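Me: Hi, I've got a model open and would like to talk it through with you. Could you start with how you use your terms?

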Amino acid sequence: DECAFQGCASLTSIDLSNTQVATIGAHAFDGCTQVNELALPSGEWLRSIDEAALRGTQMEVADFPYGLMTIGPLALAQNNALQHVRIPSSVTMLPADFVLDCPALQRLLVNLNNPPTSWCESEMADIWGTTLHDGLQLFVPVNRALMWSKQAPALADYVIDGGRYDI
């Protein structure tokens with residue numbers, strides 16, 4: 001549900017692994033600043049993580065399952081602890097601001113052949129704010145780095161041909 005646990009300061013982990021949740025609603029865990037662990041249902045169930053659903057949490061890793069199709073705006077934004085994110089090839093909607101202001105982000109593993117359209121805009125550096133920093137690595141599928149760099153020039157310095165990569 002939307003806003004289900006929004007602002008719940010005592011919540012430290014989210015375990016949806018044994019559920020059949022299809023959508024994590026908008027703002028569901030927004031502002032749950034003590035959450036540092038996330039276990040999601042298999043991709044057979046989870047289809048969408050809506051706007052700002054996990055904004056302000058303090059997870060270090062977000063490993064999304066294959067089958068997930070939509071990640072909403074600001075879904076992981078303002079997470080000061082987030083270091084690693086894996087996006088499966090099943091994702092068809094991935095807005096540019098989904099990791100807005102995540103200054104600790106080191107590895108973004110995006111298993112998409114081409115950057116999402118919103119990532120190709122010239123103001124990408126402004127959209128990502130503090131997320132773009134010298135230590136960021138944006139892993140893309142093998143032999144796709146050049147295509148990504150051309151289509152999303154603001155990210156060219158961060159793109160790396162992925163191959164097999166782990167969080």
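Reply: Happy to. Buried means under 20% relative accessible area, exposed means over 50%, and partly exposed is in between, with a 1.4 Å probe and protein chains only. This is a predicted model, in which local features need pLDDT of at least 70 and side-chain atom pairs count only at pLDDT 80 or more, while totals for chains, interfaces and linings use all residues. Residues are numbered from 1 along each chain as its sequence is written, and side-chain values use heavy atoms, with hydrogens and water left out.

Me: Good. What is the mean pLDDT of the protein chain?

Reply: The mean is 88, and 91% of the residues reach 70 or more. pLDDT is the predictor's confidence in each residue, from 0 to 100.

Me: And which element has the lowest mean pLDDT?

Reply: That is helix α1 (residues 124-128), at 66, whereas strand β4 (residues 48-49) has the highest, at 96. Helices (H or I, at least four residues) and strands (E, at least two) are DSSP runs, numbered from the N terminus. Where pLDDT is low, the predicted coordinates should not be read in detail.

Me: On to sheets. In what order do the five strands of the open sheet come?

Reply: The order is β5-β7-β8-β9-β10, and the pairing is parallel. β5 (61-63) and β10 (159-161) are at the edges with a single partner strand each, so one side of each has no neighbour in the sheet. Two strands pair if DSSP finds at least two bridges between them.

Me: How many bridges are there between β7 and β8?

Reply: Four, joining residues 84-87 of β7 to residues 107-110 of β8 in the parallel sense. Histidine 84, for instance, has arginine 107 in β8 as its bridge partner.

Me: What about the open sheet of three strands, what's its order?

Reply: β2-β4-β6, with parallel pairing. Its edge strands, β2 (23-24) and β6 (70-71), each pair on one side only. Two bridges join β4 to β6, and serine 48 stands opposite threonine 70 in β6.

Me: Switching to side chains: how many salt bridges are there?

Reply: Two, where a salt bridge is a side-chain nitrogen of Lys or Arg within 4 Å of a carboxyl oxygen of Asp or Glu. In one of them arginine 55 meets aspartate 30 at 2.7 Å, N to O. Arginine 55 is in the loop between β4 and β5 and aspartate 30 in the loop between β2 and β3 (37-39), 25 residues apart.

Me: Are those two buried or exposed?

Reply: Arginine 55 is buried at 18% relative accessibility, and aspartate 30 is buried at 9%.

Me: And which side chain does aspartate 63 meet in a salt bridge?

Reply: Arginine 86, at 2.9 Å, N to O. This pair links strand β5, which holds aspartate 63, with strand β7, which holds arginine 86, 23 residues apart. Aspartate 63 is partly exposed at 41%, and arginine 86 is partly exposed at 22%.

Me: Last topic, rings. How many aromatic pairs does a search of the whole structure find?

Reply: Three. Rings of Phe, Tyr and Trp (its six-membered ring) pair if their centres lie within 6.5 Å; planes under 30 degrees apart count as stacked, over 60 as edge-to-face and the rest as tilted. Phenylalanine 5 and phenylalanine 29 are stacked, 5.3 Å centre to centre with 0 degrees between the planes.

Me: Which residues do ring pairs link into a cluster?

Reply: Phe98, Trp119 and Trp148. Phenylalanine 98 is buried at 0% relative accessibility, and tryptophan 119 is buried at 0% too.
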